[in-house]
Amino acid sequence: FLTYQNRRNGMKRRDLEFETLVREALKGKKVPILVLDRRWHTLFPQGEKPAEIIQLEEKLNELLKRQGYLVNDIKDLKKTKKKLMEGIVAGMNDAEPLRDKKKKNQQRLLLEIKERIETESDELIELPRMIKKANEELLATGAHYCFERLANGDEQLKIVKQEIEELRISLREKTEWKDDLEESMDSAYSLMHGLLGHDVMNLYDKRKGKE
């Protein structure tokens with residue numbers, strides 16, 4: 001068990017080292033959003049995408065959805081804020097008791113909207129950095145799986161090439177043996193034909209045809 005656990009720990013260390021190297025190599029480079037890139041999804045055979053990759057993709061998708069939501073929500077909040085301010089101005093001519101009550105309610109709503117806009121704007125500023133980090137994490141993890149597949153593929157390719165070479169040698173040997181056998185049979189047939197004559201060899205040919 002200890003040997004197995006040590007091996008697992010060693011694999012995790014190597015994975016972290018590899019992912020660190022990938023992240024270092026990505027510095028200063030513009031990486032496309034992987035979940036939106038068709039090429040990314042073709043890297044994994046149908047139904048063979050690792051669970052870890054799926055989880056990281058879901059995390060990135062959620063961040064992208066959140067970003068889209070915030071952009072639209074802030075836009076709607078600003079429209080609502082503008083309408084409220086226009087309503088305050090338009091209500092200046094209302095009777096004082098109604099005007100004060102309405103104005104107080106509008107100011108409360110304006111304050112809530114302003115706070116939401118500030119909070120969501122702060123979050124929106126942070127999201128590109130979070131998306132970039134999640135995207136790079138996905139790429140680093142995906143690269144590890146892909147390079148592992150390539151390494152396994154190289155090993156399998158060596159085995160297949162060796163098998164093909166062995167089959168090629170076997171085929172060449174069998175072809176040579178076939179040619180020698182045919183030559184030997186032709187010589188024997190010619191010799192028997194010369195010794196026994198046409199009529200006797202016809203009997204052999206007929207008998208062979210029935211077998």
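Guide: Helices (H or I, at least four residues) and strands (E, at least two) are DSSP runs, numbered from the N terminus. On that basis the protein chain contains 5 helices and 0 strands, and its elements follow the order α-α-α-α-α from the N terminus. This is a predicted model, in which local features need pLDDT of at least 70 and side-chain atom pairs count only at pLDDT 80 or more, while totals for chains, interfaces and linings use all residues. Residues are numbered from 1 along each chain as its sequence is written, and side-chain values use heavy atoms, with hydrogens and water left out.

Patches consist of residues with over 30% relative accessible area and no salt bridge, with like charges joined within 9 Å and nonpolar side chains (Val, Leu, Ile, Met, Phe, Trp, Tyr) within 5 Å. A salt bridge is a side-chain nitrogen of Lys or Arg within 4 Å of a carboxyl oxygen of Asp or Glu. Areas come from the Shrake-Rupley method with a 1.4 Å probe, and for residues only the protein chains shown count as cover.

L191, M192, L195 and L196 form a nonpolar surface patch of about 400 Å². L191 lies in helix 4, which spans residues 96-196. L191 counts as exposed because its relative accessibility is 53%; exposed means over 50%, buried under 20%, and partly exposed in between.

Helix 4 also holds E173.

Note on methods: Buried < 20%, exposed > 50% of the residue type's maximum accessible area, 1.4 Å probe, protein only.
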